[in-house]
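Please look at the sequence and the structure shown here.

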2 protein chains.
Amino acid sequence: MKQKIYFDYNSTTPARPEVVQAMMPYLDSATGLFGNPSSVHTFGQATRAAVEDARKKVAALLGCSADEIVFTSCGSESDTTAIKGTAFSARERKKGGHIITSAIEHDTVLFCCDYLSKNGFEVTYLPVDSAGLVHPDDVKKAIRQDTILISVMHANNEIGTIEPIGEIGKIAREREIPFHTDAVQTVGKIPTKVNDLNVDMLSLSAHKFYGPKGVGALYLRKGTRLHPLFHGHHEKNRRAGTENVAGIVGLGVAAEIAMKEMESDGKRVAALRDRLERGIIGSIPSIHLNGHPALRVPSTTNFSFEYVEGEGLVVLLDVEGVAVSTGSACASGTTQASHVLRAIGVAPNVAQGAVRFSLGHFSTEQEVDDVLKIIPQVVDRLRSLSPLWADKIAGRVTEITPAERFIKPAKK
Amino acid sequence: MKQKIYFDYNSTTPARPEVVQAMMPYLDSATGLFGNPSSVHTFGQATRAAVEDARKKVAALLGCSADEIVFTSCGSESDTTAIKGTAFSARERKKGGHIITSAIEHDTVLFCCDYLSKNGFEVTYLPVDSAGLVHPDDVKKAIRQDTILISVMHANNEIGTIEPIGEIGKIAREREIPFHTDAVQTVGKIPTKVNDLNVDMLSLSAHKFYGPKGVGALYLRKGTRLHPLFHGHHEKNRRAGTENVAGIVGLGVAAEIAMKEMESDGKRVAALRDRLERGIIGSIPSIHLNGHPALRVPSTTNFSFEYVEGEGLVVLLDVEGVAVSTGSACASGTTQASHVLRAIGVAPNVAQGAVRFSLGHFSTEQEVDDVLKIIPQVVDRLRSLSPLWADKIAGRVTEITPAERFIKPAKK
């Protein structure tokens, strides 16, 4: 593949070389490090030690104890285990069936909640303001006697807005309601200590912070009750299946690197992101920045370009060697406007023109500057095809509906 | 790790070098092959192509079409998706709640059925004969109006007995009952064409046939209805989560190699296994071969050594450099005698002395001969610690209960 610019780190990240290097002995069978960690013999003991070492590293990143970490295959599995597992356990114990989540969760959470709502549970979807923030007061108001779970994401994957998880967690704790956060977009990027976040469950995915694809984890606070999705002896009866040893080792190393580099890397990436943002704002008219201006993960900026289809922009940028996304990779191929942008009040036509740029560890200033040269050309090209844009620049329209009209003011 | 003899291929296999080599470009991010397969851009298209190529290879091994393959993270996930997914879908459609399975399934299936039986479903556990065979007539008798699923494993992981899946499948089809088989121990080792097996669902796991850990697949015959475990767009709405690209590529290559080498490798491994078996029978008294003498996967032999604890034998053999297992790795650490050996009627004291030897692609005649020198010494050492054995060889007991007394005769 020819050298391209990858600005889609929120979809997935390239694994760090140190991660791959650490995984290799557990893939290359010549080392003998291929045993089943559940086996009693030396082959099994060696891989068991590697799995437990990785568990400690992940626990260190989250500030919890190692036995509160359950390895899974991905963020979606972690999310689903937390949500279905808590729901089914609560139902068995006749605790009620009301779940609170937000309108801007990742599809896997929303689809899971939708499934549960068709199977005897009731779900409240909290609104967000125009910056994408869930308001703790709304959480308070939504809580009922039969509320069994609150699940609110730590940061949104499309617009990057960081939710007030610590505050929501405090409310959940006061009411003794289990609280889960999908931290797939924050772990390894900003601090995610479970005691600061006041969470009982937290989902993470290795490939979102320079680990391999195919492995994730669920933090489960001691005493949290849930039904496993797959039943078996592994992971202390919390998740059946032979452990993905190499993947888990990779996740452990990614966690270890994140502990060391998160702060400096975050600052550097945010500076690059801000440079990109300023450049776009300075060079292209009729655009809107989606998401909170300050409370945002360092990686992410999301713009709506009026009179442009986001999908077309993504395709043309790809031709020019720049990989970006309209929003969640998981939802690509669907034609609906992003549920996140709709929830923050972006007008449908403006939401259709949204593009997410997400930067990361390997991003450079040169790449930002290259992209800043390419985008205006590509946006111009697309707009030149739009009769509406022609009308606008010719002054033939008396009123272009400003997208801002559709956006509710942020509450804070 | 010093050179050891690995005779525990049923627990897990070392990945073939060709498999690891094929995975590498998808782990090493310098290649650019790290995109999220759901992404629209070139990075995503490249990994999407790799995933779809692997899907074709797995489909070829099973004789199905590629879109009938759903990638999962392991055999346990495949099994659980098939069983819970079918059960919950049937319940939603008010089709009934009766499930038929066998008494010797893998723990993940039994635990899943146990879970369902506590949640409104009813499960019939079919008995097996002394060789471990499920009898199709027993399946027929167990079927009820409200039977919604039959799940019988293709070959047993502990004793290797191959079940008459094709016949059971025919019965299931006549009654229009979805039929699932856990083929984790057979895929890649013996033919597993889904149309010969008459199955609607089939579980496989890459690491059981020289692929990587952390990836599996579920064959889902077109038209089979089930609820996904994790909800999302991926895998045609059948399994959410960013694909484990490198793992899936590895699974594809393992399937491709199996297509080519299964027959010759199977013969070679069976010959080695038979050599080991003959050697053990010829050199050690008071032992029992567990499982069917002929209808067995090539890899597996399982012996009960009287007056010996299997766990002790495993540990001492490990000290001598030989890795074997008492049975399922997944159940190690539990103190109960194997549910499989109990189901085939092995007396508890004899079941406790069971050891599984499982051979594979990298096993050699030299290894077999080395093991044949070591085992008698180790068994002798352990027996010399047993007062019961001392009584027996001194003729001080009037009757040693022969284990055979507890074993029901095989029906065929």
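A residue is called buried if its relative accessible area is under 20%, and exposed if that area is over 50%. The model discussed here is predicted. In this predicted model, both Phe34(A) and Tyr6(B) are buried.

These residues bring us to the aromatic rings. Two rings count as a pair if their centres lie within 6.5 Å, and planes over 60 degrees apart make the pair edge-to-face. By this rule there are 20 aromatic pairs over all chains. One of them is formed by Phe34(A) and Tyr6(B): the centres are 4.7 Å apart and the planes stand at 80°, so the pair is edge-to-face. Phe34(A) belongs to the loop between helix H1 (17-27) and helix H2 (42-62) of chain A, whereas Tyr6(B) belongs to strand S1 (residues 5-6) of chain B, and the pair therefore joins two chains.

Aromatic residues also gather in a cluster. Tyr6(A), Tyr9(A), Tyr210(A) and Phe362(A) form one aromatic cluster together with Phe34(B) and Phe43(B).

In chain A, the charged end of Arg383(A) sits over the ring of Trp389(A), at 4.4 Å from the ring centre. In chain B, the charged end of Lys84(B) sits over the ring of Tyr115(B), at 4.5 Å from the ring centre.

Is Asp196(B) buried or exposed? Its relative accessible area is 58%, which is over 50%, so Asp196(B) is exposed. Asp196(B) is located in helix H7 (residues 194-197) of chain B. Between Asp196(B) and Ile104(B) there are 92 residues in sequence and 22 Å in space, taken from C-alpha to C-alpha.

Note on methods: Residues are numbered from 1 along each chain as its sequence is written. Chains are lettered from A and ligands numbered from 1 in the order in which they are written. This is a predicted model: local features need pLDDT of at least 70, side-chain atom pairs count only at pLDDT 80 or more; totals for chains, interfaces and linings use all residues. Side-chain values use heavy atoms; hydrogens and water are left out. Rings of Phe, Tyr and Trp (its six-membered ring) pair if their centres lie within 6.5 Å; planes under 30 degrees apart count as stacked, over 60 as edge-to-face and the rest as tilted. Helices (H or I, at least four residues) and strands (E, at least two) are DSSP runs, numbered from the N terminus. Buried means under 20% relative accessible area, exposed over 50%, partly exposed in between (1.4 Å probe, protein chains only). A charge sits over a ring if NZ of Lys or CZ of Arg is within 6 Å of the ring centre and within 35 degrees of the ring normal.
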